[in-house]
Amino acid sequence: ADKLPNVVILATGGTIAGTGATSTTTVGYTAAKIGVEKLIEAVPEMKKVANVKGEQVFQIASESMTNDHWLKLAKRVNELLKQSDVDGIVITHGTDTIEETAYFLNLTVKSKKPVIIVGSMRPSTAISADGPINLYNAVATAGSKDSVGRGVLVTLNDEIQGARDVTKTNTMTANTFRSPELGSLGYIVSGKPIFYRASTRKNTADTEFDVSKLDKLPAVDIAYGSANANTIAIDAFAAAGDVGIVYAGTGDGSLANTVRPRLTELRKQGLQIVRSSRVGNGPTIRNGENNDDETDFVVSDTLSPQKARILLMLALTKTKDTKEIQRMFYTY
Ligand SMILES: NC(=O)C[C@H](N)C(=O)O
């Protein structure tokens, strides 16, 4: 028989480790309660597809994930993947920011070995909890040779999503993770990942980003466009010392006439401005709703504001040049 792959589970908390008062409590539970050993014990079936080891890296609800957590996690993943006795990694994670952590690691993990991020929508104590099957599928995917070189993957609900394009689309249901514009990558069928497509964008070992020597990321925040828009948030970000702002504009990243002049001024003062969209689908197009060549802004392409924030932070660790940063937004 083939030797089983070695998979390390890095646990970070989330609803997959959550507990509720009763088996029918699916809302109003407490996230991040159960330790990694208990998570592993709950799914003995995993032993048939991999040799599994667990490590508790944090125990938090994912809405409290920070840049510092990401740096620590990326460093640990890179360390482990350098070991010849580690074939793949599974990260258990809350679902609220799972897509952000996935994209951050997609740009900063320096290995082709599989990295799978998994969560659940129902707490571990719930009737028909989705955590155990999701964890089983994630371990099976992490141990599969078919998953090598595909970038960081998010697996829930029997589906495989790519880190760049996946997003949470429903606040409550188990089938919340979708890659609405560009499609999911595949399915997990009885413990076997089946891939149908791959992103054309660069990831992991093929990126230019290296966080191994960083202990801090540049300060970048997101401001949200709406009718009656004003500059209160962007003024505060600038005053707080942000070096970049992602503006989640209306429509194709359009900017109100009350906002555009101030963003242009902030760019002149050296802040990097990325124009993105609050719509959730479709590209924010260069020189469309704004003359970006003239204002010297970057556009996010199809990245959501929350993912544009990540790429802008990493870009700013390499360069301050707008053209270079725009190139990165068309590359990753
Ligand atoms: N379903 C979940 O995991 C939600 C939880 N608030 C978290 O992100 O940690």
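I count two strands as paired if DSSP finds at least two bridges between them. Helices (H or I, at least four residues) and strands (E, at least two) are DSSP runs, numbered from the N terminus.

I am working on a predicted model, where local features need pLDDT of at least 70, side-chain atom pairs count only at pLDDT 80 or more, and totals for chains, interfaces and linings use all residues. Residues are numbered from 1 along each chain as its sequence is written, and side-chain values use heavy atoms, with hydrogens and water left out.

**Entry: strand β13**

I looked up the neighbours of β13. Two bridges join β13 to β14 (residues 298-299), and these strands run parallel. R275 has V299 as its bridge partner in β14. R275 is also the partner of Y247. Strand β12 (residues 244-249) runs parallel to β13, with six bridges between them. From β12 the chain passes through helix α6 (residues 260-268) to β13, a right-handed β-α-β crossover (with the strands pointing away from the viewer, the path from the first strand over the helix to the second runs clockwise).

I then checked burial (under 20% relative accessible area, 1.4 Å probe, protein chains only). Six of the six residues of β13 (272-277) are buried. Q272, V274 and S276 lie on one side, and I273, R275 and S277 on the other.

**Entry: ligand**

I listed polar contacts (pairs of N or O atoms within 3.5 Å). The T15 side chain has an N or O atom 2.9 Å from a ligand oxygen. For the T95 side chain, the distance to a ligand nitrogen is 2.6 Å. A backbone N or O atom of S120 sits 3.0 Å from a ligand nitrogen.

Definitions and conventions: Polar contact = N/O pair within 3.5 Å; in protein donor to acceptor, adjacent residues only side chain to side chain. Buried < 20%, exposed > 50% of the residue type's maximum accessible area, 1.4 Å probe, protein only.
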